[in-house]
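Please read them with the coordinates open.

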Amino acid sequence: MTHFSALSLIKNALSGQKNWEPQWPDSEPKAEYDVIIVGAGGHGLGAAYYLAKEHGITNVAVIDKGWLGGGNTGRNTTIIRSNYLYDESAKLYDHALDLWDGLSQELNYNVMYSQRGVLMLAHNVHDVQSFQRHVHANRLNGVDNVWLSAEEAKEYCPPLDISPTARYPVVGAALQRRAGTARHDAVAWGYARGAAARGVDIIQNCPVTAIRRGPDGRVTGVETAKGFIGAKKVAVSAAGHTSVVMDTAGVRMPLESYPLQALVSEPIKPIFPCVVMSNSVHAYISQSDKGELVIGSGTDQYTSYSQRGGLPLIEHTVAAICEIFPIFNRMRMLRKWGGIVDVTPDRSAILGKTPVPGLYVNCGWGTGGFKATPGAAHTLAWTVAKDDPHPANAPFTLERFSTGRLIDEAAAAAVAH
Amino acid sequence: MLLIHCPYCNQTLPEAEFTYAGEAHIARPADPSSVSDEEWRDFLFIRTNVKGPHYERWRHFYGCGRYFNAVRDTVSDRFLITYKTDDPRPELSKLLEKSK
């Protein structure tokens, strides 16, 4: 693996950029692995990376039905934050945020993590009370989140219109300064490169059609388009398709898959310094390094696997953005797309063991999985390696839906994760 | 934009008039106090989340206001049928044959 440095950039520039090596090989499956990870998104590739690096398990394959990072990893709006209400969520997302710090150095791959801050706008009394509750809960958990007046919010984000005559007046905002954005593709590529360098096989364009179990109920491997591949342990990290894959192992999941759409505008000069979310008006916006405004909101109302979604939701989203930022109302939108997100009843992830020995699951991240990528990957690797959850993901069990010990972020946030 | 047929109004109208109401034909336990935690979980939380023809409920929110059932393919988003709530669950094989 080439080590990226100023020296390697200069050397390759002088030789006309012709001597760069591929960052990872496209592997063919072996007959058997210690661990198979289903789904080569950021979470799955990251888990393979941490399995190899921190637990010394390198006989690992990551298998995907498409190309790596082609699912929700490449389709999200790249927002990273950890200002969740409940203790369990705050710990897990803040664990992720700690790993985001220094991830580029760790991977020797620039994931372009930019701590530009996430500003959540309050438009009414309910918002103010809810966000201040979040700010206080976060402070108790050691998560940074501060309350700003409308004037302070305007100072942090100059394009903001705080005039009292606005359609949705801004009365204040919660700001997490550590939060921000990262280059989503680079996260998948960086983890893939790091994992492959440690001996992990990345097998693309190879759908997993079934999980196989032995007579004792234990996992024996997976059935794929390239035939049966044996495995001592299987971890499913397949986002919107998790319930389809888990069903083949006889595990029914408390998941529903919805299309989540996003869109970008034509690129413009830098105007927007941070991420702004408005839960009441229901949209969020940031500006990419290419200059496009990156815009998103909630899921479509019906379950679907179409990776497309409907236009009414885009209209609603763009209308919300124009209400909050009238300066953008003549901008042209360049393209829109959809990803399939797996949503749990309490809007918290499921990350841990399953009733099937040797089978692990990482799913239910709903509309907010990207921000958790390093944390989910790190704790999934821990859980698989030790057959026991990491303290950060221990509460995120599948059993909580029968014990009733839910982590009810649905009631806390309701929208726009 | 989905076009949805309301079996009560007998009209095919844009999606914006309707709200989605989750999976259909999930019966609440008749004797709740005798039900185990696992059975409650199945009733409350477990869904088929099928990739393909999905039995689901819709509500004609900005119209007659009534709930009805539908079968929709979750890959193509195409409706195979919509039917009244007290109609029997239509058999999938017949629906698929009809839609060919």
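1. Basis. This is a predicted model, in which local features need pLDDT of at least 70 and side-chain atom pairs count only at pLDDT 80 or more, while totals for chains, interfaces and linings use all residues. Residues are numbered from 1 along each chain as its sequence is written, chains are lettered from A and ligands numbered from 1 in the order in which they are written, and side-chain values use heavy atoms, with hydrogens and water left out.

2. Extent of the interface. Contact (heavy atoms within 4.5 Å) involves 25 residues of chain A and 24 residues of chain B. About 2,100 Å² is buried between the chains, with 51% of it on carbon and sulfur atoms; buried area here is the accessible area (1.4 Å probe) lost by two parts on being put together, summed over both. Of the area that chain B buries against chain A, 31% comes from B:F45, B:N49 and B:K51, more than from any other three residues.

3. Between chain B and chain A, 12 residue pairs are in polar contact, both residues being at pLDDT 80 or more. A polar contact is a pair of N or O atoms within 3.5 Å; within protein, one must be able to donate a hydrogen and the other to accept it, and residues adjacent in sequence count only if both atoms are side-chain atoms. The side of chain B that touches chain A divides into 9 nonpolar, 6 polar and 9 charged residues, where nonpolar means Ala, Val, Leu, Ile, Met, Phe, Trp, Tyr, Cys and Pro, charged means Asp, Glu, Lys and Arg, and polar means the others, Gly among them.

4. Sheet in chain B. Strands (E, at least two residues) and helices (H or I, at least four) are DSSP runs, numbered from the N terminus. Two strands pair if DSSP finds at least two bridges between them. In chain B, 4 strands form an open antiparallel sheet in the order β3-β4-β5-β6. Its edge strands are β3 and β6 (79-84) of chain B, each pairing on one side only. Antiparallel β3(B) and β4(B) share 3 bridges; B:T19 has B:R59 in β4(B) as its bridge partner.

5. Sheet in chain A. Here 8 strands form an open sheet with mixed pairing, ordered β5-β6-β4-β13-β14-β15-β12-β16. β5 (146-149) and β16 (333-343) of chain A each have a single partner strand, so one side of each lacks a neighbour in the sheet. Strands β12 (residues 256-265) and β15 (residues 293-299) of chain A run antiparallel and are joined by 4 bridges.
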